[in-house]
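Hi everyone, thanks for coming.

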Amino acid sequence: MELFIQQTVNAISLGGVYAMLALGLAIVFSIVRLINFAHGEIMTFGAYGIFLALAFGLPPAAALLFGLAAAVVMALAMERTAFRAMRGADVVSLLITSFAVSEILKVLFQNGISPRPVPITFPPAWSGAYEVGGITIGVVPTVSIMVTFTALMGLSFILRRTVAGMAMRAAAEDIEMLRLLGIRANRVVAVSFALSGLLAGIAAVIWTAQRGSVDPLMGFFPVLKAFIATVLGGLGSLGGAVLGGFVVGMLEVLAQAFLPDSLAPYRDAIVLAAVIAALLMRPDGLLPAASAHRS
Amino acid sequence: MSGNALEVRQLEVRYGPVRAAIKIDLDVAPGSVTTLLGANGAGKTSTVMAVAGARRIAGGSVSIFGKDMTGASAEDIVRAGVAIAPEGRRIFGSLSVEENLRLAGSVLEDAQLAGEKSAAMMQRFPVLGERRRQLAGLLSGGEQQMLAVARALMSQPRLLLMDEPSLGLAPQMVDQIFAIIEELRQEGISILLVEQNAALALDVADHAVVLANGEVAAAGAPADLKNDSLLHAAYLAA
């Protein structure tokens, strides 16, 4: 029972990280049709931001905020320098552009900082555990779940209730029409990148709090999983991305915890097989993007 | 500079090597309705979208209320006082009726004014008021057209571009749309009306331009064009 509850907490915590990354990918994809494979490097950059802020002696809380800001700035810089010029290009050209951005950043991290992991040490109190009814639960997974849900609710509020959010939803449907209403499309796209960067920054904070280090390739695997989550949820569907993120995270933790040792090396294969099986049954994903009909 | 709401001179629009609009001249006098007629593929929508800043202009000029807006962005053209109810309506189906209006009102950069405008629109088009919380994609074709017009009016335009507002609507709805066009003209809004329904458009218009194969085939007073049976047979038969 104890193991089950602990693993459930871990599963929701990991799923939440994937959900935030997947949501960031989905927001940008829904508006500019870009599958941003450099999203992982936004996350990595955020983590390096934390590392540098700590190295310069900032208090831990300030360092986390600095990391978030670094991720947002990186997302905006990517949009401005690489993707804006490619606006309206086909999906494949955009995808290849994002690969290029991703590679360039990884090389810069390797040569500019270090090819090896650098440690990020938070106060010991942050990495403790607490007991509920005789069951020990980690502080970091618990806090990360709370942070994740706060972020997801905040984003949902922005998308549903603010004009900027409405503009983003409208842009996903018909960005030219948005411009014909006089709404600055570049600004809407920049806001979507900033939000996607913020979510990647939050993911970076949680990820580094759990692992205690950052390396140039840090963002690759989580974002790969997040990409799988967006496909599972339904490419371009925001709700689907969140659901897909949680499903992938949970499958991964459950496979890790409860598979017999002899099957452990096939963990990812088993998770991916489950995803493929789900897509065979629902080819458009679990929660497909609503296709608004124009008659 | 004359004070015309819209002056299009020698306008050219191309899609690669294909010329969709060739040397088009077109005026909309202030407070009047100019209708742009022609068969499918005659270049009407290309012309209107170029005026709205959504198509690249390959040649010629567009001036709006005496200001040269050739090649300006769609966003800046809205700020020059132009709004469009485009072909196919293009309302945002996944947003509610009210959100469609609120979003369009955001260019006013005055939340209170935008709120008042939106309330006024829902009074003017009661069906939008009744369905304010519904997703716009669930409205009927006629209701979507009302929303497209209301949405265009949110930015308080002085020149309204309407591209095939009657297309695919029931006759009763078509009458309603044309009654709205008449009302807007009386309020002093200049209108460029693209229509395939030539008979109705010529009834409401002060000036008419007929396009064929991307070029101006005829222009003049609606009464004259209506009686030109040859022109009618050649270009206006639906």
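Let me start with a definition: two strands pair if DSSP finds at least two bridges between them. Helices (H or I, at least four residues) and strands (E, at least two) are themselves DSSP runs, numbered from the N terminus. A quick word on the source: this is a predicted model, where local features need pLDDT of at least 70, side-chain atom pairs count only at pLDDT 80 or more, and totals for chains, interfaces and linings use all residues. Residues are numbered from 1 along each chain as its sequence is written, while chains are lettered from A and ligands numbered from 1 in the order in which they are written.

Okay, chain B and its open sheet. Four strands line up as E2-E1-E4-E5, and the pairing is antiparallel. Strand E2 (18–28) and strand E5 (67–68) of chain B sit at the edges with a single partner strand each, so one side of each has no neighbour in the sheet. Further in, strand E1 (residues 6–15) and strand E4 (residues 59–64) of chain B are antiparallel and share 5 bridges. Across that pair, Arg9(B) stands opposite Ser61(B), and Glu7(B) has Ser63(B) as its bridge partner.

Ser63(B) also has a bridge partner in E5(B), namely Asp68(B). E4(B) and E5(B) are joined by 2 bridges and run antiparallel. Their hairpin has 2 residues between the strands, and there Phe65(B) takes a positive phi near 50°.

Lys23(B) has 14 within 10 Å, so it is partly exposed.

Arg89(B) has a positive phi too, near 70°. You'll find Arg89(B) in the loop between strand E6 (82–85) and H3 of chain B. With 26 C-beta neighbours inside 10 Å, this arginine counts as buried. At the other end of the scale, Glu187(B) is exposed, because 8 other C-beta atoms lie within 10 Å. Glu187(B) is in the loop between helix H7 (171–186) and strand E8 (190–195) of chain B.

E6(B) pairs with strand E7 (residues 159–163) of chain B in the parallel sense, over 4 bridges.

Now over to chain A, and a pair of helices. Helix H2 (residues 39–55) and helix H3 (residues 60–83) of chain A pack at an angle of about 145°, with their axes 7 Å apart. Those axes are lines fitted to C-alpha atoms, for helices over the stretch in contact, and angles run from 0 to 180 degrees between N-to-C directions. By class, the contact of H2(A) with H3(A) has 17 nonpolar, 3 polar and no charged residues. Here Ala, Val, Leu, Ile, Met, Phe, Trp, Tyr, Cys and Pro count as nonpolar, Asp, Glu, Lys and Arg as charged, and the others, Gly among them, as polar.

What about the core? The largest nonpolar core has 166 residues, and Leu21(A) and Ala71(A) are among those with the most contacts inside it. A nonpolar core means a set of buried Ala, Val, Leu, Ile, Met, Phe, Trp, Tyr and Cys residues joined through C-beta atoms within 7 Å.

Last stop, where the chains meet. The contact takes 24 residues from chain B and 20 residues from chain A. On the chain B side, that's 11 nonpolar, 7 polar and 6 charged residues.

Key. Buried ≥ 20, exposed ≤ 12 C-beta atoms within 10 Å, placed from the backbone. Contact = placed C-beta atoms within 7 Å.
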